[in-house]
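Colleague: I would like to learn how to read helix packing and a nonpolar core from a set of coordinates. Could we go through one case together?

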Amino acid sequence: MSESLRQRLRSATAGHHARVDAAFGRFDLSRPDDYRAFLVAHARALWPLECGLEAAGVARLLPDWPERRRRPALARDLAWLGAAVPDEARIQPLPLADEAACWGALYTLEGSRLGGAVLARQVATQPALAGALAYLGHGAGGMLWPAFLARLEAAAPMLAWPALEAGACAAFELFADAARAGSAMPPERAIAAG
């Protein structure tokens, strides 16, 4: 991807990114209760986002989507911590109107994996939480981000900027809203990770 488009996306989403960082910054990840609440908040955003992408046909855009999905990893961590796993049948997928919006949402989602890797190193220092690192550590050591950027670059000439930007910003806001909603997730029927 040309650096100018990447920089344009980074600039366009900077305010949204800052709101997400501030909203999640209130969780002390060294405390089990806060870490559980942090993951519950992530679940509130991740399920609608990934389900929305799948409803929009993300596998056509990223053939390696099954390797990128993080719901199974987050479900394992939530279960390990004794938190409810979202009932997929009750999830309202994030509406994504076209491929450009999907690519924008993917930019946010795939970029979040980079921050997750940093947080995973912090959480790993807490023995009580060591069994719940599948989500934050997902894809560690792999080349998922560079491969995503290469695919985005290939698609970029066919993508309308307004929809690309809107998809990225909508995904950031989904995470910000989830963090601000608090730590209580309504009781739901657990789904199997997988």
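This is a predicted model: local features need pLDDT of at least 70, side-chain atom pairs count only at pLDDT 80 or more; totals for chains, interfaces and linings use all residues.

Modeller: Residues are numbered from 1 along each chain as its sequence is written, and side-chain values use heavy atoms, with hydrogens and water left out.

Colleague: Which residues have the most contacts inside the largest nonpolar core?

Modeller: A nonpolar core is a set of buried Ala, Val, Leu, Ile, Met, Phe, Trp, Tyr and Cys residues joined through side-chain atoms within 4.5 Å. Buried means under 20% relative accessible area, exposed over 50% and partly exposed in between, with a 1.4 Å probe and protein chains only. Here the largest such core holds 64 residues, and Tyr35, Leu53 and Trp103 have the most contacts inside it. The biggest share comes from α2, with 13 residues. Helices are DSSP runs (H or I, at least four residues), numbered from the N terminus.

Colleague: What does Tyr35 touch?

Modeller: Contact means heavy atoms within 4.5 Å. Leaving out residues up to four places away in sequence, Tyr35 touches Asp28, Leu29, Leu81, Val123, Leu129, Ala132, Leu133 and Leu136.

Colleague: At what angle do α2 and α6 pack?

Modeller: Axes are lines fitted to C-alpha atoms, for helices over the stretch in contact, and angles run from 0 to 180 degrees between N-to-C directions. For α2 and α6 the angle is about 155 degrees, with the axes 12 Å apart. The two are therefore roughly antiparallel (over 145 degrees). Tyr35 and Leu53 are among the α2 residues in the contact, and Leu106 and Val123 among those of α6. By class, this contact has eleven nonpolar, no polar and one charged residues; Ala, Val, Leu, Ile, Met, Phe, Trp, Tyr, Cys and Pro count as nonpolar, Asp, Glu, Lys and Arg as charged, and the others, Gly among them, as polar.

Colleague: How do α6 and α7 cross?

Modeller: Their axes come within 10 Å and cross at roughly 160 degrees. That makes α6 roughly antiparallel to α7.

Colleague: Is Leu159 buried or exposed?

Modeller: Leu159 lies in the loop between α7 and α8. At 14% relative accessibility, Leu159 counts as buried. Its contacts, not counting residues up to four places away in sequence, are Glu99, Ala100, Trp103, Leu152 and Leu164.

Key:
Angles under 35 degrees count as roughly parallel, over 145 as roughly antiparallel, 65 to 115 as roughly perpendicular and the rest as oblique.
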